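Biologist: I would like to learn how the words we use for a protein are tied to values. Could you show me the model and let me ask about it?

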Amino acid sequence: MAAVPSLAGFSATGTSAPSVALRGVQAGGAVGSLLKNATSSLSPTPPSGRVPQMLRELGSGSCNVKLTVDGETKEFDTSADSQKIHPFCEEQGIQFSCIEGTCGTCVVDVNKGGDLLNSLTEPENAFFAGDAGNRRLACQAQIKKGCSGEVECEK
């Protein structure tokens, strides 16, 4: 009787092993035995309460962005929604006039983390005429939902 090829360090001989159906696939002989042994210890449901707890632990702190404006830092939770940066920028002394992206009073240089901000808005594209570089209008920039990292801006 020939040995069946090894599967993850196991080998089996003979053909008297039971068959096992796994999601509509029939496997018999030694492979069926291996599948049956491997899947018999799997639990269809996780231990009570453990998965929600693990998800909370995983989610906590994983969607935070630190925004630094002219040396002052504030942390934003972006797990539920994107966050506008203009209120914090205004607290740090950046001037605002229209809040609609047309006047350009609130131009800031984004020195770090520009990829964590939303794409340029239509008003920004019009104001910068397609040449924004690392500049943004603080009234239009938002930290993206669900991201983590650091954004640094200065006037």
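Modeller: Let us start with the open sheet, where five strands follow the order E6-E5-E11-E8-E9 with mixed pairing. This is a predicted model, in which local features need pLDDT of at least 70, side-chain atom pairs count only at pLDDT 80 or more, and totals for chains, interfaces and linings use all residues. Residues are numbered from 1 along each chain as its sequence is written, and side-chain values use heavy atoms, with hydrogens and water left out.

Biologist: What makes a stretch a strand, and how many strands and helices does the chain have?

Modeller: Helices (H or I, at least four residues) and strands (E, at least two) are DSSP runs, numbered from the N terminus. Counted this way, the chain has four helices and eleven strands.

Biologist: How do you know that E8 and E9 are paired?

Modeller: Two strands pair if DSSP finds at least two bridges between them. E8 and E9 are joined by three bridges, so they count as a pair, and they run antiparallel. In general, strands of a sheet pair through backbone hydrogen bonds, either parallel or antiparallel.

Biologist: Why are E6 and E9 said to stand at the edges?

Modeller: Strand E6 (72-77) and E9 each have a single partner strand, so one side of each is left without a neighbour in the sheet. From one strand to the next, the twist averages 35°; the angles run from 0 to 180 degrees between N-to-C directions, with axes as lines fitted to C-alpha atoms, for helices over the stretch in contact.

Biologist: Which class does Ala129 fall into?

Modeller: Ala129 has 65% relative accessibility, so it counts as exposed. Ala129 sits in the loop between H4 and E9, and its phi, near 50°, is positive too in a residue other than glycine.

Biologist: How do you know that Arg136 and Glu124 form a salt bridge?

Modeller: A salt bridge is a side-chain nitrogen of Lys or Arg within 4 Å of a carboxyl oxygen of Asp or Glu. For Arg136 and Glu124 the N to O distance is 2.8 Å, so the pair meets the rule. Arg136 lies in strand E9 (residues 135-137) and Glu124 in helix H4 (residues 122-128), twelve residues apart. Arg136, at 7% relative accessibility, counts as buried, and Glu124, at 0%, counts as buried.

Biologist: How many salt bridges does a search of the whole structure find?

Modeller: The search finds two. Lys112 and Glu150 form one of them, at 3.3 Å from N to O. Lys112 is in strand E8 (residues 107-112) and Glu150 in strand E11 (residues 149-154), 38 residues apart. Lys112, at 38% relative accessibility, counts as partly exposed, and Glu150, at 36%, is partly exposed.

Biologist: What makes a group of residues a nonpolar core?

Modeller: A nonpolar core is a set of buried Ala, Val, Leu, Ile, Met, Phe, Trp, Tyr and Cys residues joined through side-chain atoms within 4.5 Å. The largest one here has 25 residues, of which Leu67, Ile143 and Val151 touch the most other members. Strand E5 (64-69), helix H3 (86-91), E8 and E11 each supply at least two residues of this core.

Biologist: Which residues does Leu67 touch?

Modeller: Contact means heavy atoms within 4.5 Å. Not counting residues up to four places away in sequence, Leu67 touches several residues, including Phe76, Phe88, Ile143 and Val151.

Biologist: Is His86 buried or exposed?

Modeller: His86, in helix H3, has 15% relative accessibility, so it counts as buried. Leaving aside neighbours within four places in sequence, His86 is in contact with Phe96, Ile99, Ala138 and Cys139.

How values were computed:
Buried means under 20% relative accessible area, exposed over 50%, partly exposed in between (1.4 Å probe, protein chains only).
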